[in-house]
Every structure is written in C-alpha cells, then in structure tokens.
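Subject: Structure for you to look at

Hello,

Here is the structure I said I would pass on. Please open it first and then read the notes below it.

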Amino acid sequence: MNRAGEAVVEIRGLVNRFGRHVVHDGLDLDIRRGEILGVVGGSGSGKSVLLRSIVGLKRPDGGTVRVFGEELQRLAPARRTQVERRFGVLFQRGALFSSLDLQENVALPLIEHGGLTRPDAERLARVKLAMAGLPPDAARLDPAALSGGMIKRAALARALALDPEVLFLDEPTAGLDPIAAAAFDRLLLTLRDALGFSVFLVTHDLDTLYASCDRVAVIADKRIRVADTLPVVEATEDPWIRDYFHGPRGRAARQAARRHSPPQGENR
Amino acid sequence: MPDTASRPGMLEQDAHRLSAVGDWTLPHYARLREAVAKVHQAESIDLQRLGELDTSGAALLVDLLGPEGVHDIAQWAPQLSPERQALLRVVADATRRPLYPPTAPRSGLTAALARLGQVVELLARQQLRLVAFIGLTLTTLLATLVTPRRWRITSLAAQVQQSGLNAIPIVALLTFLVGAVVAFLGATVLRDFGATIYTVNLVAYAFLREFGVLLAAILLAGRTASAFTAQIGAMKANEELDALRAQGLDPVQLLVLPRVLAMVVSLPILALIGTLSGMLGGALVCAMALDISTTQFLTILQRDIPLSHFAVGIGKAPLFAFVIAVIGCLEGFKAGASAQSVGEHTTSSVVQSIFMVILLDALAALFFMEMGW
C-alpha cells in the first residue's frame with residue numbers, strides 16, 4: 001500500500017478491431033495504485049471495449065496489457081485465475097447470476113476463491129450487501145425482482161466481495177437517482193481510502209467525475225487524448241473536451257463539486 | 001502500522017484487554033470468526049498491533065464491538081488512521097439493522113399443506129389460462145382473416161420453413177426406423193399363427209391411423225414448441241413484447257398467429273411424410289426378411305386397407321398442431337425476466353405439449369372406436 005503512484009495496469013500500443021472497424025489504435029494508459037481513474041468518451045468510443053481488454057475478456061489485436069507487471073493473455077490458466085481474483089468488475093447491466101439470489105451471488109466468490117464455509121460466506125455477503133445500501137430483506141431476492149438501482153448496488157457488492165486490488169466499474173451510477181449516486185460516490189471514496197484499491201471508472205456522470213476521480217482519461221480518435229487531473233483535462237484544447245466539460249452540465253457539476261466539498265488534493 | 005509483514009490475524013486476550021494482532025483479512029476469516037464468537041461482546045479492543053484490515057476483518061471487529069462501540073472509535077483508538085476509522089464506521093452503519101430480519105416460523109404440516117394448495121391452484125390456473133389463450137388466439141385469427149392487409153405471409157412462410165421444411169429429414173428417418181421395428185414385431189408374433197402376411201396390414205393400420213401423425217407431432221412438440229417458448233420468452237425478457245404493446249401492436253397477431261398457422265400447415269404434411277416413410281420401412285423389412293415383395297405389399301395395401309384410415313389419422317394433425325403451437329407460445333408469454341425462467345418454461349412447454357398430444361390421441365382413439373370408423 002506504500003507503493004502509491006506505481007502502475008498496476010500498463011497499456012501500451014493497444015489495438016482493438018472488430019472486422020474492419022478499428023476501435024483502438026495505439027492506445028496507451030496507466031492505472032496507478034490507489035487512484036480513481038475516470039474514463040470518459042463519446043458513445044461508441046470504446047470505453048467498455050477497453051475495460052474488457054484489461055480484464056482479459058477480449059484478446060487485443062495488438063499491443064500489450066500488463067496487469068501487476070504480467071501479461072494476462074500469456075499466463076497459464078491457473079496463474080491467470082490468481083491474477084483475475086485481484087479484479088472486481090461491475091458490468092454495465094449488473095450481470096448478476098439470475099439463478100442465484102443476491103446473497104448467493106455475493107457469497108459465490110467468497111466460497112470459491114475465499115475458501116469460506118457457506119454460513120460464513122453468506123453472513124459476510126449480507127454485510128457487503130448492506131454496505132452497498134441494500135436493505136436486509138433484499139438478500140434473499142432473485143435479481144429478476146430488483147429495480148435497476150438495486151441491481152447496480154448488488155453488483156457492486158459482488159465486485160467488492162474479495163476486496164479486489166483493482167475495481168472496474170462500467171457506468172456504475174447510470175440509472176441511479178441523484179441521492180443514490182451521491183451515496184455511491186461517497187462509498188467508493190471511503191472504501192478506496194480504507195482499502196487502497198485502484199478504480200477504473202467508465203462513466204458519463206459528470207458529478208461522479210468531479211466528486212471522486214483523481215485523474216480523468218479522455219478517449220477520442222481511437223486513443224487516449226489526455227489522462228491527467230481534472231483541471232489539466234479541462235484546460236486541454238480539444239473541441240470535444242471543451243463541449244464535454246464546459247457545456248451546461250459540466251459547469252453545473254463543477255460548481256456543485258466546489259460548493260459541497262473541499263478541493264480534492266492528492267492525499268496519497 | 002508498526003510493521004506490515006504479513007502475519008495471520010489473531011485475537012489475543014490478557015488480563016486487562018483484548019488486542020487484535022496481525023492481518024484481519026479474508027484468508028484468516030474463518031479462524032477469526034471462531035475467536036470472535038467465543039468472546040461475544042467487548043467494550044474496546046487494542047488495535048496497536050493490527051496489520052492489514054479489509055472489509056471482512058472490519059465486519060468481524062464490528063461484530064465484536066457492536067455498531068455503537070465502533071461509532072465512537074475516534075475516542076478509544078485515536079491512533080487508528082482516519083481511513084480505517086471511516087471503513088469501520090461504514091461497516092458499522094451497514095450492520096446497524098439486523099442482518100437476518102425475523103421471519104414467521106411455520107410448522108411442517110401447514111407448510112406442506114400450503115405447498116399442496118399452491119400446486120393445485122397453479123395447475124387450475126394454468127388450465128384456465130390455456131383455455132383463455134386458445135380463445136384469444138381464435139378471436140384474433142377471425143379478426144385477422146377479414147382484413148387481408150394484416151396477413152403476415154412472409155412471417156408465415158419463414159415459420160413454415162423453420163418448423164416444417166427443416167423437420168422433414170428427422171421425421172422421415174425416425175418414422176422409417178419405427179416402421180421397420182413394427183414390421184419385425186409383427187413378423188415375430190404372427191409367425192406362430194402362420195400369418196406373417198398380415199404384417200402388411202399391421203404396418204399400414206399402425207401408421208395410417210396412429211404412428212405417422214403421433215410421431216410427427218411428438219417430434220414437433222420437442223423441436224418446435226420449445227423453440228417458440230424460447231423465442232417469445234427471450235423477447236419478453238428483453239421487454240420486446242411490452243414495446244409492441246406500447247406501440248399499439250398486438251403480439252398475439254404478430255407473433256402467435258404466424259407460428260400457429262405455420263404449425264397447422266406443417267404438421268399434416270409432416271404426418272403424411274411420416275406415414276409414407278414408416279410404411280416404406282415396413283415394406284423394406286417385409287421384402288428383406290419375410291419374402292413379401294414390394295408388389296405384393298402394395299397390392300395388399302390397395303385391396304385391404306380403406307382410405308378412411310388415412311383420413312382418421314391425418315384428421316388429427318391440425319388439432320395436434322394447434323395445441324402444440326398454442327402451448328409453446330403461451331409458455332413463452334408466461335416466462336419471466338430471467339434466463340432460468342425461460343429455461344423452465346421451455347421444459348414445461350415440451351412436457352405439456354407431448355402430454356396433451358398423447359392425451360388427445362387416446363381420446364380420439366376411443367371416440368373413433370365407438371363410432372366404428
């Protein structure tokens with residue numbers, strides 16, 4: 001935890017394409033230990049594809065993705081599983097296992113990887129669900145019975161089940177009401193400060209960017225246009241970035257962030 | 001954190017106080033939990049020698065201290081870093097409400113009775129819903145018949161290809177094999193009476209009246225009813241059915257009618273193919289094993305078997321087709337939003353449609369026998 005600033009994920013020259021459609025072309029990006037990295041970009045600019053290439057769900061067509069110093073695609077399956085255990089992923093639509101109830105969804109990785117007994121795992125799963133803001137009686141519900149916001153929370157609880165070192169969040173606050181979204185931002189910061197994990201946060205939510213991100217990476221033209229602290233990104237000369245951060249929504253989010261919280265310094 | 005070397009978490013107890021030592025993390029959870037369970041409740045705990053701490057360890061500390069004890073942690077453990085205090089407070093807040101809300105206990109007998117009642121009610125509702133859905137399909141069909149603009153010829157043709165044309169090879173092969181088996185059976189039994197020649201009649205009767213249509217119907221129940229349920233169930237899970245309704249379009253007209261009509265067209269044709277192919281199998285066995293030549297087979301067929309048997313058999317096909325298609329579609333509509341639910345209803349649709357086909361066939365056999373047809 002004292003190795004702050006060191007990169008846990010290193011992406012160099014990443015190329016991704018689907019048929020003739022090139023999504024990424026020579027993309028470079030680092031995720032540093034303990035930071036919350038926000039990733040923004042227009043719809044279809046390849047944010048989710050980038051996430052999938054890092055966690056190993058999509059084999060890159062070129063370039064390297066190093067995770068904890070190792071290239072995931074080249075590892076033996078057993079070793080790869082060990083590395084993947086250090087990830088937590090929250091998918092865009094939750095991706096909860098529909099044949100299990102919420103408690104079992106969260107308990108599954110605890111039993112399989114954590115080696116806990118079922119009662120222990122289920123008790124801990126209930127704690128995690130409660131931390132994600134779900135009421136106790138939701139633990140036995142099936143995912144099909146949940147609202148969109150509850151699915152997001154349960155998915156967060158599952159992503160956090162093993163206390164991952166890198167947490168990947170694909171639009172975690174989309175579909176949440178503003179109160180729940182703000183609570184989500186606070187929870188993320190608290191857990192990050194206490195546990196020191198890194199966060200790769202794909203989002204369109206400007207409030208989340210201003211409230212919780214240490215750095216922001218902008219994907220444009222198939223590569224990272226800029227990846228730096230918010231003031232630097234805002235000041236970047238680029239039409240898309242200007243429209244994004246200086247449009248009416250960007251201004252409102254910036255003002256709200258200034259009003260409600262002391263300036264976010266680099267606290268590590 | 002005086003030293004960060006990894007040490008297994010432990011709960012140490014001396015004369016005065018408890019102290020948490022080492023890493024309170026997931027790998028040590030099981031042991032720590034036992035230790036915590038022994039102590040029950042503590043006022044405070046020495047956290048000076050605590051190593052790593054994750055949420056599972058924090059949850060155990062909260063178990064030990066109680067949410068209230070953790071809340072004023074800043075007073076009794078000021079040396080703990082603010083980040084860790086915050087983590088403990090988050091976990092404490094989360095567990096303030098009981099993790100296991102009380103549920104009303106039930107005795108075994110009432111629970112069993114309740115389950116029996118639920119199953120009976122469910123079965124009754126299912127039958128009622130099937131009848132209602134048949135009515136809905138028929139009224140929609142009548143309403144659509146008078147407006148040719150709403151006939152969905154393309155959709156119908158696509159469904160006929162999928163459920164009829166593509167099923168021809170498997171139906172033909174299966175009935176051919178069963179035809180051969182029936183001929184062998186007949187030959188074995190009839191040889192004792194020196195009546196092997198009647199094998200021809202046996203095969204012809206069996207396939208014209210029953211097997212041709214029944215085998216085709218059972219195959220389609222497995223092959224097509226399940227496909228209908230899965231297709232419509234997936235659409236339902238994706239809210240496509242709601243989208244249709246919200247646009248003022250009728251899912252029964254758009255999705256159910258083409259499928260039902262395609263089955264009503266396909267099954268009689270498949271039944272005919274099945275009948276021919278079954279008799280072909282029988283004829284082959286007769287020619288190879290019983291020395292009944294194909295000419296002889298055809299002559300007996302022409303001379304002894306009235307056409308009415310074929311009418312009795314093929315007449316059942318449209319009814320079977322309708323029932324299979326309606327059950328397949330209805331199960332799709334009943335499916336819930338999850339993949340598991342679609343799977344359950346697909347199974348249910350196959351079981352129900354095969355059951356209904358055999359039940360109707362038995363009733364029809366009784367009826368035709370009484371009528372002397």
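The bounds of a domain, as the word is used here, come from an automatic or database domain assignment. For chain B that assignment gives domain 1, residues 10-94, and domain 2, residues 122-371. The C-alpha centres of these two domains of chain B are 67 Å apart. Please keep in mind that this is a predicted model.

Chain A: two sheets

One sheet of chain A is open and has six strands in the order 6-7-8-3-9-10, with mixed pairing. Its edges are strand 6 (87-90) and strand 10 (223-228) of chain A, each of which pairs on one side only. Direction ignored, neighbouring strands in this sheet are turned by 15 degrees against each other on average. Strand 7 (residues 166-170) and strand 8 (residues 198-202) of chain A are paired in the parallel sense, over five bridges. To find this pair on screen, look for A:L169, whose bridge partner in strand 8 of chain A is A:L201.

Helix 1 (residues 47-55) of chain A packs on this sheet. The strands of chain A touched by helix 1 are strand 3 (36-41), strand 6, strand 7, strand 8 and strand 9 (215-220), and the helix direction makes about 150 degrees with that of strand 8.

The other sheet of chain A to look at is an open one of four strands, in the order 2-1-4-5, with antiparallel pairing. Strand 2 (21-32) and strand 5 (70-71) of chain A are the edge strands here. Strand 4 (residues 62-67) of chain A pairs with strand 5 of chain A over two bridges, in the antiparallel sense. A:V67 has A:E70 of strand 5 of chain A as its bridge partner. Helix 1 of chain A also lies across strand 1 (7-18), strand 2 and strand 4 of chain A, at about 120 degrees to strand 1.

Chain B: two helix pairs

Among the residues that make the contact are B:L214, B:A221 and B:G222 of helix 8 of chain B, and B:H345, B:V350 and B:D361 of helix 13 of chain B. By class, the residues of this contact between helix 8 and helix 13 of chain B are 12 nonpolar, eight polar and one charged.

Helix 7 (residues 168-191) and helix 10 (residues 251-289) of chain B cross at roughly 40 degrees, and their axes come within 7 Å. That angle makes helix 7 of chain B oblique to helix 10 of chain B. The crossing of helix 7 and helix 10 of chain B is right-handed. Their contact has 19 nonpolar and seven polar residues, with no charged residues.

Where the chains meet

In the interface, 27 residues of chain B are in contact with 26 residues of chain A. On the chain B side, helix 1 (29-39), helix 2 (55-71), helix 4 (82-94) and helix 13 (339-371) each supply at least two residues. Helix 4 of chain B gives the most, with seven residues. This side of chain B divides into 15 nonpolar, seven polar and five charged residues.

Regards

Definitions and conventions:
Residues numbered from 1 in each chain as written. Chains lettered and ligands numbered in written order. Predicted model: local features only at pLDDT ≥ 70, side-chain atom pairs only at ≥ 80, totals over all residues. Contact = placed C-beta atoms within 7 Å. Nonpolar A, V, L, I, M, F, W, Y, C, P; charged D, E, K, R; others polar. Pairing = 2+ DSSP bridges. Axes fitted to C-alpha atoms, helices over the stretch in contact; angles between N-to-C directions. Parallel < 35°, antiparallel > 145°, perpendicular 65-115°, else oblique. Left-handed = near helix turned anticlockwise from the far one by under 90°.
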